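The following questions and answers examine one model, moving from ring contacts to strands and then to charged side chains.

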Amino acid sequence: MKKQQYSQTGYVYSDELLNYRFHNKHPFNQMRLKLTTELLQCEGLLHDHQMIKPRQATIEEIASIHKYDYIEAIRRGERNLLNSDEKEKYGLNEEDTHLFPKIHSSAATIVGGGLNLIDAIMAGQFRNGCHLGGGLHHALEGRANGFCIYNDAAIYINHLIKNYHQRVLYIDTDAHHGDGIQWCFYNSDQVLNYSIHETGKFLFPGSGHYSERGTEQGFGYSINLPLEPFTEHDSYIEVFTKTIEKIAERFKPDFIVSVNGSDIHYLDPLTHMHCNLNTLYQIPYIVTDIAEKYCEGRQIMLGGGGYNIWRVVPRAWSHLFLSLIHHPPLKGKLSSQWLNKWKQYSPVHIPEYWEEQFTDYTPIPRRHEITEKNRTTSSYILNWF
């Protein structure tokens with residue numbers, strides 16, 4: 001692997017990103033960022049000259065998507081100045097999404113990190129980049145939602161459209177529908193919003209039906225692929241490949257923004273999907289191939305969901321970065337340095353190999369029925385699109 005290829009990829013990280021934390025037992029645990037970053041460093045793949053330090057986004061930058069009164073509520077909430085009615089109004093009174101120390105500053109730092117990365121790419125400093133702390137795709141313009149305070153991905157898309165006149169393809173492979181992105185750009189024809197996710201019949205946020213296509217000039221620019229619960233690798237990759245390649249060919253984007261939740265994995269505690277590491281390894285390479293074909297490589301990959309932070313996320317998210325530097329998927333044993341450091345902290349046994357070992361994997365008896373249902377959905381989208 002030539003050093004030049006490594007140098008073309010930026011990577012956003014700082015321990016400040018770990019401050020985005022609701023409480024110690026909350027499933028959204030940003031320690032997964034540190035675990036992944038150190039794994040890449042221990043493998044000799046991530047270097048200091050690629051690191052981009054995040055900054056706090058300005059109020060004006062955040063307000064490109066979010067309402068000023070909501071931003072002010074978050075800032076006041078950081079000082080514990082909101083009453084119960086205000087918490088309810090702004091979606092901050094729920095068990096999943098609530099106030100925590102440094103709520104504004106940490107969320108603004110996530111946003112600022114991605115903006116730094118985009119500006120560096122557009123200035124030619126990097127060809128593409130990775131921001132695992134980003135991908136808070138559920139936040140609405142005036143309300144917190146689904147673990148998400150500020151919708152960084154929406155802010156990045158708007159930044160690319162308004163400041164760089166880019167046609168943006170947004171690809172969301174998180175198990176949960178990217179509702180916040182969809183509603184932000186539901187009447188826009190400058191971004192094509194593609195979300196492939198577990199159907200909302202049994203999973204938050206309940207949206208993302210294939211009939212949600214956009215409105216006004218945005219009609220046809222929202223594409224949803226709701227998959228059946230317990231969808232496995234072969235069906236997922238079949239549907240994803242057939243649909244995203246045709247959509248990219250028709251849209252011809254200038255830039256790709258993607259959210260890459262690892263919560264489609266069968267060991268994730270919050271979803272009902274039944275994919276595996278092979279799925280999560282293959283997805284980013286498909287996206288990168290599209291970016292190379294249509295965007296001269298310009299893209300940013302964000303994190304998103306992923307709640308099995310020891311057994312799944314570090315290996316899966318490492319391959320986002322690997323796809324960006326055009327490094328083949330890794331095989332064999334993980335770095336002994338990394339394993340020896342983190343096994344003493346992990347409450348579960350950390351897998352020692354890059355390959356999926358299919359521990360606790362249970363074959364799905366309705367595989368044929370699920371596969372055919374997913375094919376029907378994808379065929380509907382392809383015929384309509």
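Aromatic pairs

Q: How many aromatic pairs does the structure hold?
A: The model is predicted, so local features require pLDDT of at least 70 and side-chain atom pairs count only at pLDDT 80 or more, while totals for chains, interfaces and linings use all residues. Residues are numbered from 1 along each chain as its sequence is written, and side-chain values use heavy atoms, with hydrogens and water left out. Rings of Phe, Tyr and Trp (its six-membered ring) pair if their centres lie within 6.5 Å; planes under 30 degrees apart count as stacked, over 60 as edge-to-face and the rest as tilted. The number of aromatic pairs in the structure is 19.

Q: Which geometry does the pair of Y70 and Y150 have?
A: A pair of aromatic rings is described by the distance of the centres and the angle of the planes. The ring centres of Y70 and Y150 are 6.2 Å apart. Their planes stand at 90°, so the class is edge-to-face.

Q: How many residues apart are Y70 and Y150?
A: Helices (H or I, at least four residues) and strands (E, at least two) are DSSP runs, numbered from the N terminus. Y70 belongs to helix α4 (residues 68-78), whereas Y150 sits in the loop between β3 and α7 (152-164). The pair thus links distant parts of the chain, and the separation is 80 residues.

Q: Is Y150 buried or exposed?
A: Buried means under 20% relative accessible area, exposed over 50% and partly exposed in between (1.4 Å probe, protein chains only). Y150 has a relative accessible area of 0%, so its class is buried.

Q: How far apart in sequence are the parts that Y266 and Y361 tie together?
A: The rings of Y266 and Y361 are edge-to-face because their planes stand at 90°, with the centres 4.8 Å apart. Y266 lies in the loop between β7 (255-259) and α10 (277-294), and Y361 in the loop between α12 (336-342) and α13 (367-384). The parts are therefore separated by 95 residues.

Q: Which residue lies over the face of F28?
A: Ring pairs link F28 into a cluster with Y20, F22, F100, F147 and Y307. A charge sits over a ring if NZ of Lys or CZ of Arg is within 6 Å of the ring centre and within 35 degrees of the ring normal. At 4.5 Å from the ring centre of F28, the residue is R32.

Q: Which residue of β3 is the bridge partner of Y11?
A: Two strands pair if DSSP finds at least two bridges between them. β1 (residues 9-12) and β3 (residues 128-131) pair in the parallel sense over three bridges. Within β3, the partner of Y11 is C130.

Q: Which residue in β2 does Y11 stand opposite?
A: β1 and β2 (residues 51-52) also pair in the parallel sense, over two bridges. With helix α2 (residues 31-42), these strands make a right-handed β-α-β unit; right-handed means that, with the strands pointing away from the viewer, the path from the first strand over the helix to the second runs clockwise. In β2, the residue opposite Y11 is M51.

Salt bridges

Q: How many salt bridges does a search of the whole structure find?
A: Side chains of opposite charge can pair when their charged atoms come close. The criterion is a side-chain nitrogen of Lys or Arg within 4 Å of a carboxyl oxygen of Asp or Glu. Over the whole structure, the number of salt bridges is 18.

Q: How many residues apart are the parts tied together by R127 and E292?
A: The side chains of R127 and E292 meet in a salt bridge with an N to O distance of 2.6 Å. R127 lies in the loop between α6 (103-122) and β3, and E292 in helix α10, so the sequence separation is 165 residues.

Q: Is K201 buried or exposed?
A: K201 forms a salt bridge with E228, the closest N and O atoms being 3.7 Å apart. E228 counts as buried because its relative accessibility is 11%. K201 has 53% relative accessibility, so its class is exposed.
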